[in-house]
Every structure is written in C-alpha cells, then in structure tokens.
Amino acid sequence: MNILITGGAGFIGSTLADRLLKDGHIVTVVDNFNDYYSKELKIKNIQHNLSNEKYILYEEDIRNKAAIKNILKNNNIEVVIHIAALAGVRASIERPEEFVDVNVNGTKIILDSMIECNIKKLVFASSSSVYGNCEAKIFSENITNLQQISPYAKTKYQCEELIKTYFQLYNLSAVCLRLFTVFGPRQRPDLAIRKFIEQIKKDEPIIMYGDGTMSRDYTYIDDVINGFVSAIEYENSLFEIINIGSGSPVNLLKLVNIIEKCLDKKAIIKQVATQKGDVQKTYADIAKAKSLLNYTPKKDFEEGIRTFIDWLETSNCFYKDM
C-alpha cells in the first residue's frame, strides 16, 4: 500500500516507517522538523531510508492544507497514519493556544484533506493522557468520566472526538490508538527514561517528582509498532478507540532501581514536588487490543531498558541534546 505518516521523522513515526518499508509498503513521510528537540536527531532517525525509492520525505507542516492535499494526491495515498503533534504536558500549560492550533486544527486539516482526496482509512496516535486522573484502577476504553488535566491531554481527546464526527459524517474508517508511555531506541531526549539513563551514566542528579509512587504503563516501541500495523490491517468496524500499553505499570522508584541495575550505577536523586499536569498513574486495559488487533506485548520492561541502553551506546547517542 501507499501509506502516509505524519510526524514520520520522530521516535514512533520513523520506527513505524522502517517496519512498513520492511513489509513492502511505499511510505511517504511528512514532518516539519520543529525545534522541540534537535533536527539532527530526527535526520539521524531517517537517514538510512533517504536513498530508498519506496521512501518519500516532505518537510512540511500539517496545517498547510494545500501542501497536504497535493502530497495525498501525488502519492496515491491509501492510508494515513497521523502521529504529528506538539508534545509535552508542561509545554502545553505554557502555550495552550499553540497546542490547540497544531494538534486540533492540524488534525482537522488532515481529515478535510483526506475526505477531499477520497481517502477513507486513518490510524491516529492518541494518548493515555486523555484518561487524566481517572479514579478507575485500570483504564479501559469504555470509561466515560475522563479527567484530562493538561491542554495536551485535552487536545488529544478533542482529536478523538473530531475523528469520530468525521466517521459519522463521511463514513471514514478510523482507529484511534491510545498509546501508553512509549520507550525504546530513538525515544525523545526530553522523556524521563532517556533522561534518567543519561544523567545516571554521567553521575548527574535526576529529578524525581513526588514521592516515587507515581506509576506509568511503559510500553516498548516494538510492541507499539505491532499495534499500528494491526490497526492498519483492521477492517471489522469503521471506528474504534483502542489502548496500546503493556498492562503492567511500573512506579518511579522501581524505574530508577531497574536503570541503576542495568547501568550498575547508583542514581543521585533530587526529590521535588509533583508538577501541574502530571497524572498519578496510568494503567492500560489491553483486553480490547488483544481481541480486535491480536495485540500481545512481548517485551519485558527490564529487557526493554537493557535494549535501549545498548542502543544508546552502540548508536553513539549518549549525551546528546541534554
């Protein structure tokens, strides 16, 4: 198939592009290489594909509708994987208008362009942050009292609602994947696991927000990519929201302990108050993913940390952009 990935030079998008190319698809990538983190790192993510005749790259903003429509038409796109978004809870609190513009209005432009080009299949990268400080022990897709506590989370939820409306209006086929804290090779340098690994390696203090009991459902990148591939192939219903997680939350203290074990080094911990917008826990109910997508996470958390550290060492990516 001819598949478009927005945000395709980033962590998840570039890894997905590699998998789709390996599977024989033609991959078109749109990325505006914004300065949230180093453009050099994003180029490094995709450098090996630039000479591949089945890989096409456009440096473009998803809010440029004319350009997006031309890309869809000129490349005979059949499926859109929409990952591009402004990320970061704290950044969204500081710049909410920009997050609404890029994430919500950008998604609307993608949807409008798809409808005008008669493209009917969308896979959207949503986020576990839409659950917010949910009171449920485990987060299932049928929970209705969602408690978003950051503009970023709210924009992801608004995108889901917008996509659902387009499904109802235009018979658009869409799968929204609620991703739970993805980690592994190519992870963004601002995210906790990568920061902790690099700071412990350099004997620098790490910042621990709260008392260490905050927990996340960490999901290894290869498992997430398997979820995307299954979502592309899914045809049994026109609209679904599906969690993609590990189903095994890890608290902050255990995360640090595992990194210490893998590096054989002790962390220097600086404990500070929990920040606004940070949820206390995430915990994915993955029963729906198992049922509809035949999704089963395969990577043990500690094994994933070891693989990530090996990648940082062998790819010469330690100490970058800190």
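1. Two strands pair if DSSP finds at least two bridges between them. Helices (H or I, at least four residues) and strands (E, at least two) are DSSP runs, numbered from the N terminus. This is a predicted model, where local features need pLDDT of at least 70, side-chain atom pairs count only at pLDDT 80 or more, and totals for chains, interfaces and linings use all residues. Residues are numbered from 1 along each chain as its sequence is written, and side-chain values use heavy atoms, with hydrogens and water left out.

2. Start with the sheet. It is open and has seven strands, in the order S3-S2-S1-S4-S5-S6-S11, with parallel pairing. Strand S3 (55-59) and strand S11 (239-244) stand at the edges. Each has a single partner strand, so one side of each lacks a neighbour in the sheet. On average, neighbouring strands of this sheet are turned by 15 degrees against each other, direction ignored.

3. Now the helices on the sheet. Helix H1 (residues 11-22) packs on the sheet and touches S1, S2, S3, S4 and S6. The direction of H1 makes about 170 degrees with that of S1. H3 lies across S1, S2, S3 and S4, and runs at about 175 degrees to S2. For these angles, axes are lines fitted to C-alpha atoms, for helices over the stretch in contact, and angles run from 0 to 180 degrees between N-to-C directions. Contact means heavy atoms within 4.5 Å.

4. Next, the pairing of S1 and S2. S1 and strand S2 (residues 26-31) run parallel and are joined by five bridges. Thr6 has Val30 in S2 as its bridge partner.

5. Strand S5 (residues 121-127) deserves a look. Seven of its seven residues are buried, so S5 is largely enclosed by the rest of the structure. Buried means under 20% relative accessible area, exposed over 50%, and partly exposed in between (1.4 Å probe, protein chains only). In a regular strand the side chains alternate between the two faces of the sheet. From S5, Lys121, Val123, Ala125 and Ser127 point one way, while Leu122, Phe124 and Ser126 point the other way.

6. S5 has partners in S4 and S6. Strand S4 (residues 79-82) runs parallel to S5, with four bridges joining them. His82 has Phe124 as its bridge partner in S5. S5 and S6 also pair in the parallel sense, over seven bridges. Ala125 stands opposite Leu177 in S6. A right-handed β-α-β unit is made by S5, helix H6 (residues 151-170) and S6. Right-handed here means that, with the strands pointing away from the viewer, the path from the first strand over the helix to the second runs clockwise.

7. Ser173 is a residue of strand S6 (residues 173-179). Ser173 counts as buried because its relative accessibility is 12%. Leaving aside neighbours within four places in sequence, Ser173 is in contact with Lys120, Lys121, Leu122, Ser237 and Leu238.

8. What sits in the core? The largest nonpolar core has 68 residues, and Ile81, Leu177 and Phe228 have the most contacts inside it. Such a core is a set of buried Ala, Val, Leu, Ile, Met, Phe, Trp, Tyr and Cys residues joined through side-chain atoms within 4.5 Å. Beyond neighbours within four places in sequence, Phe228 is in contact with residues including Ile12, Ile81, Val123 and Leu177. A second, separate core of 26 residues includes Ile62, Val80, Cys159 and Leu172.

9. Two helix lengths can be checked. The expected span is 1.5 Å times one less than the number of residues. Helix H5 (residues 96-116) has 21 residues and reaches 29 Å from its first C-alpha to its last, close to the expected 30 Å. The twelve residues of helix H9 (residues 252-263) should span 16 Å, and its end C-alpha atoms are 17 Å apart, which agrees. The buried residues of H9 pack against helix H7 (192-201), strand S8 (205-209), strand S12 (250-251), strand S13 (268-272) and H11.

10. Finally, some backbone angles. Most residues other than glycine have a negative phi, and most peptide bonds are trans. Asn171 has a positive phi near 60 degrees, lies in the loop between H6 and S6, and is partly exposed at 49% relative accessibility. Asn294 has a positive phi of about 55 degrees and is exposed at 68% relative accessibility.
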